[in-house]
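Subject: Structure handover

Dear colleague,

Please find the structure below.

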Amino acid sequence: MGERETWTTEEFGTSHEGAVGVLLADGTVPGPVYFDSGSGAGGPSVSQWNVYDGRFTRVPRAAALRAVCSCGWTGEEHALDWDEIGEQKLAEAGAGAADACMEDWDGHTEEVERSAIPLPETVTTLLTQLGEEIEQLAKTSPLAALRAARLLEVTAVQAGYWPAHDARRDTSPEQAAAALGLNEDAARRLMARFGRWSPYR
């Protein structure tokens with residue numbers, strides 16, 4: 001897939017990497033657009049939604065935009081009215097539809113968060129409070145805040161060791177991925193990191 005702007009969340013990362021997807025008039029998804037570099041060897045490929053304006057040879061024209069996610073989810077279609085767009089640049093004329101796509105993807109990640117295994121309120125409250133305390137500390141002593149963040153990292157590694165081993169023993173890759181809101185590969189690597197085993201075995 002060619003280069004394009006993507007969105008991620010801190011918790012779910014590339015397991016739920018979102019972007020604005022393009023649909024053509026026949027309902028198909030176009031391939032990346034290649035721009036000639038002048039060297040004869042072909043140029044970079046781009047899949048950014050606003051290049052699909054049909055104004056160059058071999059560049060199709062987008063009929064609609066929709067949010068897409070690396071997990072396979074797709075959002076609703078937001079049609080582009082080319083009679084209204086006219087000679088405007090698609091980056092400007094389609095900005096509203098693109099923003100709607102991002103809002104759709106935000107809703108998708110919120111649903112992923114809701115479907116992940118819930119945490120006790122005491123844990124989420126403590127994590128939030130700790131983050132706020134470190135941010136406050138950083139205003140007066142950045143080095144102290146950095147040390148606190150490092151100790152938080154050490155604590156997380158220590159606290160996650162046995163849960164990672166127990167989860168590996170008691171759950172399937174599919175179950176672990178669903179509970180963590182990740183794809184199976186990311187869930188496997190996460191458990192390997194905390195359990196301190198190779199992710200390749």
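**Nonpolar cores**

The largest nonpolar core holds 22 residues, and those with the most contacts inside it are Val-20, Val-22, Trp-49, Leu-65 and Leu-80. Such a core is a set of buried Ala, Val, Leu, Ile, Met, Phe, Trp, Tyr and Cys residues joined through side-chain atoms within 4.5 Å; buried means under 20% relative accessible area, exposed over 50%, partly exposed in between (1.4 Å probe, protein chains only). At least two residues of this core come from each of β1 (18-23), β4, α1 (82-85) and α3 (95-115). Of these, α3 gives the largest share, 4 residues. Helices (H or I, at least four residues) and strands (E, at least two) are DSSP runs, numbered from the N terminus.

Leaving aside neighbours within four places in sequence, Leu-65 is in contact (heavy atoms within 4.5 Å) with residues including Val-20, Trp-49, His-78, Ala-97 and Cys-101. A second, separate core has 6 residues, among them Val-112, Ala-177, Ala-186 and Ala-187.

**Positive phi**

Most residues other than glycine have a negative phi. Arg-58, not a glycine, has a positive phi of about 65°; Arg-58 sits in the loop between β3 (45-46) and β4 (64-69) and is exposed, at 80% relative accessible area. Arg-196 likewise has a positive phi, of about 60°. Arg-196 lies in the segment after α7 (184-195) and is exposed, at 54%.

**Basis**

This is a predicted model: local features need pLDDT of at least 70 and side-chain atom pairs count only at pLDDT 80 or more, while totals for chains, interfaces and linings use all residues. Residues are numbered from 1 along each chain as its sequence is written, and side-chain values use heavy atoms, with hydrogens and water left out.

Regards
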